[in-house]
Amino acid sequence: MAQLLSLESFDNPATEDQAQNATYQDGYDAGYAAGQSAARDEAAALSEECVQGINTLDFTYAEARKQVLDELAPLLRQIAQKVLPHCVATGFADQIASLLIDATENSIADAVVLHVHPSQKAAVTQAVQRTSANVDVQTDPKLSEHAAWVKHAGTEAQLDMDALLAAISDTLSALDHIDNRTNTHG
């Protein structure tokens, strides 16, 4: 059984009509233009949908943030009003002693002058005696109860735990007043 090999010709047939080519090209151009227009419309719709989705996410984030802060605000306020003042009151003298150890670490010959509130003198003096620092503890009624003024070798430093607690309380009270407006641009 012999099989004959058949080949197809890819030459442009001479019988093709030029008018049919012009009609085909016009239809192709019209279809291409319609496809381009549909693609632009679909891209614009997707872009608008994307912008709406981002706006929704932004609004949802703001709502979630506000809800979390509203829930945490009472806890943080109680920490600032009860826990932190207790920590300051019980650890103030030890903090001063630690500060003095750091201040006199390099220069033992120079005496350190420490000014504290009169109500803290006994506790601070007792804490300083546990260190090997050469410290002159003096009272200053102008200082707040948990504040100290340290003078050593021409330098001065202030530790004011009461001001720190007030700043923390102010910051935490600002949680109730967060501006949740959203700015739209464009």
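Buried means under 20% relative accessible area, exposed means over 50%, and partly exposed lies in between (1.4 Å probe, protein chains only). Residues are numbered from 1 along each chain as its sequence is written, and side-chain values use heavy atoms, with hydrogens and water left out. This is a predicted model: local features need pLDDT of at least 70, side-chain atom pairs count only at pLDDT 80 or more, and totals for chains, interfaces and linings use all residues.

**Colour by confidence.** pLDDT is the predictor's confidence in each residue, from 0 to 100. The chain's mean is 79, and 83% of its residues reach 70 or more. Helices (H or I, at least four residues) and strands (E, at least two) are DSSP runs, numbered from the N terminus.

**Select Lys66 and Asp70.** The structure holds one salt bridge, a term for a side-chain nitrogen of Lys or Arg within 4 Å of a carboxyl oxygen of Asp or Glu. Asp70 makes it with Lys66, and their closest N and O atoms are 2.8 Å apart. The two are four residues apart in α1, so about one helical turn separates them. Both ends are partly exposed: Asp70 has a relative accessible area of 35%, Lys66 one of 39%.

Strands β1 (residues 112–116) and β2 (residues 135–139) pair in parallel over five bridges; pairing takes at least two DSSP bridges. Find His115: Gln138 in β2 stands opposite.

**Show the core.** A nonpolar core is a set of buried Ala, Val, Leu, Ile, Met, Phe, Trp, Tyr and Cys residues joined through side-chain atoms within 4.5 Å. The largest has 19 residues, of which Ile96, Leu100, Leu114, Val124 and Val135 touch the most other members. α1 gives the largest share, six residues. Centre on Val124. Beyond its neighbours within four places in sequence, Val124 is in contact (heavy atoms within 4.5 Å) with Phe92, Ala93, Ile96, Leu114, Val116 and Val137.

**Finish at the hairpin.** β3 and β4 (residues 155–160) run antiparallel, joined by six bridges. Val150 stands opposite Ala157 in β4. Two residues lie between the strands of this hairpin, where Ala153 takes a positive phi near 50 degrees.
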